Amino acid sequence: INYFQLYGNENRLDPLFLASLGFQESMLNQGAVSPTGAIGVMQLLPATGESLNVGNIHLLEPNIHAGAKYMSSLIYALSIDGELSDIERNFFAVAAYNAGPHRVSSWLQTNGDPRASADPDELIDWIELIPFNETRNYVQRIMEGVGVYRDRLNGPFRTLPPAMGRS
C-alpha cells in the first residue's frame with residue numbers, strides 16, 4: 001500500500017482508490033500481461049508507461065507511479081469546468097481510464113453534470129446512465145473496492161451489541 005499512498009498523494013488521488021484500481025486491473029499481480037500487451041498491476045501499455053517518464057513499468061514501483069500519473073492526467077484531459085471533489089475526481093477518472101476521457105466529457109453533456117445537483121445520490125444515478133455495461137460495472141467494482149480496503153485498514157469487522165432493555 002506504500003506505493004499507492006506515495007503516488008496517490010503525489011497525484012491528488014485517494015491511495016485506496018488506486019489500490020482498488022490495481023486490484024480490478026490485475027488482482028494486484030505485477031506479472032499480469034493482458035492480451036493487448038498491458039503490463040503489471042496498473043495494466044499500462046508500454047508506450048503509455050514510456051511517455052510518463054517514471055522508469056521501467058515492468059517493475060512494481062514505476063508501474064504504480066505510472067498508473068497514478070496517467071490517472072491524474074486523465075482528469076485534466078477531461079476538461080471539466082469547475083472544481084472536482086475527491087470522490088468526483090475518482091469516479092470520472094476511473095470511467096475515463098476504462099472508456100476514454102472524450103467519452104466521459106460526452107456523457108456529462110448528454111446525461112447532465114451530477115455536480116449541478118445538491119443531491120449526493122446524483123453521482124450514483126449518473127454512473128447508472130453510463131451506456132457501456134463494461135465501464136459502468138468497472139466504475140462500480142472499483143468504488144466498492146475502496147470501501148472494502150478502507151474497512152480492512154480500520155481493523156476487524158465489529159458488530160454492535162444488542163440493545164439493552166429490549167425484548
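1. The side chain of S26 makes a polar contact with its own chain. In this predicted model, that side chain reaches the backbone nitrogen of L28 at 3.2 Å. S26 is found in helix 2, which covers residues 15–26. Its relative accessible area is 10%, so S26 is buried. Leaving aside residues up to four places away in sequence, S26 touches A32, G40, V41 and Q43.

2. Now the overall fold. The protein has eight helices and zero strands. Read from the N terminus, the elements run α-α-α-α-α-α-α-α. Of the 167 residues in the protein, 42% are buried. S26 is one of the buried residues.

3. Contacts along the chain come next. Take the contacts between residues at least 6 apart in sequence: 50% of them join residues at least 24 apart.

4. Which kind of pair do F92 and W126 form? The structure holds three aromatic pairs, and F92 with W126 is one of them. Their ring centres lie 5.2 Å apart and their planes stand at 85°, so the pair is edge-to-face. The cut-off for that label is over 60 degrees.

5. How many salt bridges does a search of the whole structure find? It finds three. One joins the side chains of R150 and D14, at 2.7 Å from N to O. R150 has a relative accessible area of 36%, so it is partly exposed.

6. The side chains of E144 and R141 meet at 2.8 Å, N to O. Both residues lie in helix 8, three residues apart, or about one turn of the helix. E144 is partly exposed because its relative accessibility is 45%. R141 is partly exposed as well, at 30%.

7. The remaining bridge is between R115 and D113. Their side chains meet at 2.6 Å, N to O. Is R115 buried or partly exposed? Buried means under 20% relative accessible area. R115 stands at 21%, so it counts as partly exposed. D113, at 28%, also counts as partly exposed.

8. Finally, the surface. The protein exposes about 9700 Å², and carbon and sulfur atoms supply 54% of that area. Which residues make the nonpolar surface patch of about 240 Å²? They are Y3, L6 and L60. L60 lies in helix 4, which spans residues 60–77. With 36% relative accessibility, L60 counts as partly exposed.

Methods: Residues numbered from 1 in each chain as written. Predicted model: local features only at pLDDT ≥ 70, side-chain atom pairs only at ≥ 80, totals over all residues. Heavy atoms only, no water. Patch = residues over 30% accessible without salt bridge, like charges linked within 9 Å, V, L, I, M, F, W, Y side chains within 5 Å. Areas by Shrake-Rupley, 256 points an atom, 1.4 Å probe, with all protein chains shown as cover. Salt bridge = Lys/Arg side-chain N within 4 Å of Asp/Glu carboxyl O. Helix = DSSP H or I, 4+ residues; strand = E, 2+ residues; numbered from the N terminus. Buried < 20%, exposed > 50% of the residue type's maximum accessible area, 1.4 Å probe, protein only. Phe/Tyr/Trp six-rings, centres within 6.5 Å; stacked < 30°, edge-to-face > 60°. Polar contact = N/O pair within 3.5 Å; in protein donor to acceptor, adjacent residues only side chain to side chain. Contact = heavy atoms within 4.5 Å.
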